[in-house]
Amino acid sequence: TIDSTILESFRSCPQKALRTYFEHWKPKTESVHLVAGGAFAKGVEVARKVFFVDGRPADEAYSEGLAALIQHYGDFDCPADSAKSLERMCGALEFYFHSYPLGADGMTPVEFADGKKAIEFSFANALPILHPESGDPILYTGRADAIMHFAGGVYIVDEKTTSQLGASWPRQWEMRGQFSGYSWAAREYGLEPAGTIIRGVSILKTKYDTQQVITYRPEWQ
């Protein structure tokens with residue numbers, strides 16, 4: 001299998017991709033950005049499922065999402081110079097749903113033919129490239145946070161936690177292979193995404209902020 005993270009790593013440094021993703025060298029310490037970002041994503045995922053799949057009220061969904069965030073963050077020891085402590089990440093989740101309330105932000109998840117809703121949309125699609133030894137197709141894999149109905153169209157939705165937002169923040173997604181891959185995979189499943197909505201949440205020690213941007217991938221691209 002191959003995914004956007006491996007491709008991005010390979011473009012920046014082939015040796016890094018080799019050591020990290022093929023020989024599985026791992027750092028001795030966990031990254032606060034990965035731990036905090038993963039906890040935030042888990043909180044949003046659980047809240048959405050409680051609200052849209054289980055049909056429970058929004059306040060219960062927020063509570064369940066907060067509990068999932070805390071459990072995922074675990075006993076990780078946040079560095080003193082980082083704003084992404086457990087307490088601040090809990091605040092970030094509350095801020096997120098205050099900014100984008102469930103059921104009131106105009107978004108509802110796409111539902112597939114089997115009844116499953118497109119929350120944490122995972123895929124593993126065969127490429128027309130065969131493995132040189134096994135002869136099997138190489139799989140392109142990924143997992144989008146959600147695919148939603150919004151403003152009369154279908155959009156992929158992805159949340160990003162960051163330290164800083166601003167004029168340059170939206171521009172970095174225009175050529176990001178991650179969203180090209182998501183768009184391709186959605187079309188492989190018979191969907192026609194109009195674009196990808198990226199919601200950034202900045203986490204500082206004294207405040208939160210958010211910014212939303214839409215990036216487009218036409219079919220030829």
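This is a predicted model: local features need pLDDT of at least 70, side-chain atom pairs count only at pLDDT 80 or more; totals for chains, interfaces and linings use all residues.
**Entry 1: the core.** I began with the largest nonpolar core, where F40, Y73, M89, Y96, F97 and I203 touch the most other members among 33 residues. For my notes, a nonpolar core is a set of buried Ala, Val, Leu, Ile, Met, Phe, Trp, Tyr and Cys residues joined through side-chain atoms within 4.5 Å. Buried means under 20% relative accessible area, exposed over 50%, and partly exposed in between, with a 1.4 Å probe and protein chains only. At least two residues of this core come from each of α3, α4 (58-73), α5, β3 (137-150), β4 (153-162) and β5. I noted that α3 gives the most, with nine residues. Helices (H or I, at least four residues) and strands (E, at least two) are DSSP runs, numbered from the N terminus.

Residues are numbered from 1 along each chain as its sequence is written, and side-chain values use heavy atoms, with hydrogens and water left out.

**Entry 2: around I203.** What does I203 touch, not counting residues up to four places away in sequence? I listed A83, R88, M89, A92, T161, T162, S163 and Y208, with contact meaning heavy atoms within 4.5 Å.

Entry 3: I then followed the strands, where two strands pair if DSSP finds at least two bridges between them. Strands β5 (residues 195-203) and β6 (residues 208-215) are antiparallel and pair over eight bridges. I197 has I214 as its bridge partner in β6, and a hairpin of four residues joins β5 to β6.

Strand β2 (residues 119-130) runs antiparallel to β3, and eight bridges join them. Here N125 has Y140 as its bridge partner in β3. Six residues lie between β2 and β3 in their hairpin, and G135 in the turn has a positive phi of about 80°.

**Entry 4: positive phi away from glycine.** I looked up two of these. E120 is not a glycine, yet its phi is positive, at about 55°. E120 sits in strand β2. Is E120 buried or exposed? E120 counts as buried because its relative accessibility is 10%. Leaving aside neighbours within four places in sequence, I found E120 in contact with E45, R143, A144, D145 and A146.

H24 is the other one I checked, a residue other than glycine with a positive phi near 60°. H24 lies in the loop between α2 and α3, and H24 counts as exposed because its relative accessibility is 53%. K26 is found in the loop between α2 and α3, and K26 counts as exposed because its relative accessibility is 58%. I also took one distance from K26: C-alpha to C-alpha, K26 and I119 are 29 Å apart in space and 93 residues apart in sequence.

Entry 5: How much space lies in the largest pocket? I have it as about 1,400 Å³. On a 1 Å grid over the protein atoms alone, a cavity is a set of points where a 1.4 Å probe fits but cannot get out, and a pocket is an open set with protein on both sides within 12 Å along at least five of seven lines; lining residues have an atom within 4 Å of a point. Grid points are joined across faces, edges and corners, and a volume is the space filled by probe spheres set on the points.

The pocket is lined by 40 residues, and T5, L34, K160, Q178 and Y182 lie nearest its centre. Two or more lining residues come from each of α1 (4-12), α2 (14-22), α3, β3, β4 and α6 (177-188). The largest share, nine residues, comes from α3. By class I noted ten nonpolar, 16 polar and 14 charged residues; Ala, Val, Leu, Ile, Met, Phe, Trp, Tyr, Cys and Pro count as nonpolar, Asp, Glu, Lys and Arg as charged, and the others, Gly among them, as polar.
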